[in-house]
Amino acid sequence: MKTAVIFGGAGYIGMWTWKRLRARFDRFVLADVRPPTEPLPEGVTFVTCDVRQPVIPQLEAALGPTAVGQIEWIYHYSAVHREPGHAFEEYFDTNLPGAEHVTAFAEHYRVPNIFFTASIAVYGPTRTATDESTPKYPNSGYGISKLAAELIHERWAMGAPERRLVTCRPGVVYGPGDPGNILRMIQAVKKGIFFFPGNPQIYKSYAYIEGLLDSVEFTLEREEKIIRYNYVEHPTEPLVDLVKHIEAILGRKSATVPLPLWALVPAAHVVQWLTKGKSGIHPKRVRKAAMPTHIVPQWLIDHGFVFKYDFATSLKDWKAQKPDDF
């Protein structure tokens, strides 16, 4: 029985993964701290699992005594990743033990393949075009912890000749059902006004969920022992053009107002104070939005991956799947 274990399996990427890969596996085990928000079909099992603790004892009952040597792939998506929302040390307290425990699980069950999601945050600020060969200077707890977790997974991969590791560094993931940055942009344009945080010409890289999963399937067919690749929609476009694409899909214009950070950040502090921290307009989020993320998925380009989506076509696909978001 071809089995895959997805750590973080009840999250956004995890749920999309098993749905996309159902034809490739007979059984999925979704390991997560929170249960899925929808019923699971036969062949997909949920197990409560906290990667901050050793995961072998948390999963052994569900996997059964014959699972050693029977798990073909691990997908490791578990992480503390939202910024803002966590203290600096929380990224390390989860992401590093998670890497240690998942690779220990892989060694115990003799799993030959791991797909691990890192992040473009490992590069730090990307003011110029940044591919996989660019030096990494992470400047956040999230980025530093993800880079360290990459190294833990690579140590596992180098521990035996039959082990394979795929490390994906996606941009901010978006798509149907995700309440993140792009949906907030869509909602702002729908309301008729969009404030550019800083320079509208900065490049912003994002990763559409369907395109990301295309890349997951692409790497499954490869034979390299270790793959490290960026995933973002290609080509990356300036923020001002992303807003134009949203206006086009909505069929309406909005008032677009560039505002300097020296005005937006204090305003975000006021909003947080007035809403007692409940608003999504957060100073850290404003600064993050003003930071360029100019990522190039060079490994995929060099190896012949076909990008089905740019930002405009991803919006059309999203709207076809979930028109209520538009």
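Strands, at least two residues of E, and helices, at least four residues of H or I, are DSSP runs numbered from the N terminus. Two strands pair if DSSP finds at least two bridges between them.

A word on the model. It is predicted, so to speak of local features we need pLDDT of at least 70, and side-chain atom pairs count only at pLDDT 80 or more, while totals for chains, interfaces and linings use all residues. Residues are numbered from 1 along each chain as its sequence is written, and side-chain values use heavy atoms, with hydrogens and water left out.

Back to the sheet. Strand S4 (residues 71–76) pairs with strand S5 (residues 113–117) in the parallel sense, over four bridges. Within that pairing, Tyr75 stands opposite Phe115 in S5.

Now the helices. Contact means heavy atoms within 4.5 Å. Angles run from 0 to 180 degrees between N-to-C directions, and axes are lines fitted to C-alpha atoms, for helices over the stretch in contact.

How does H2 pack with helix H3 (residues 88–108)? The angle is about 45 degrees and the axes are 11 Å apart. That makes H2 oblique to H3; angles under 35 degrees count as roughly parallel, over 145 as roughly antiparallel, 65 to 115 as roughly perpendicular and the rest as oblique. Ile56, Leu59 and Leu63 in H2 meet Ala104, Phe105 and His108 in H3.

Last, two backbone points. Most residues other than glycine have a negative phi, and most peptide bonds are trans. Arg110 is not a glycine, yet has a positive phi of about 55 degrees; Arg110 sits in the loop between H3 and S5. The peptide bond from His234 to Pro235 is cis, with omega near 5 degrees. Pro235 is found in the loop between S12 and strand S13 (237–238).
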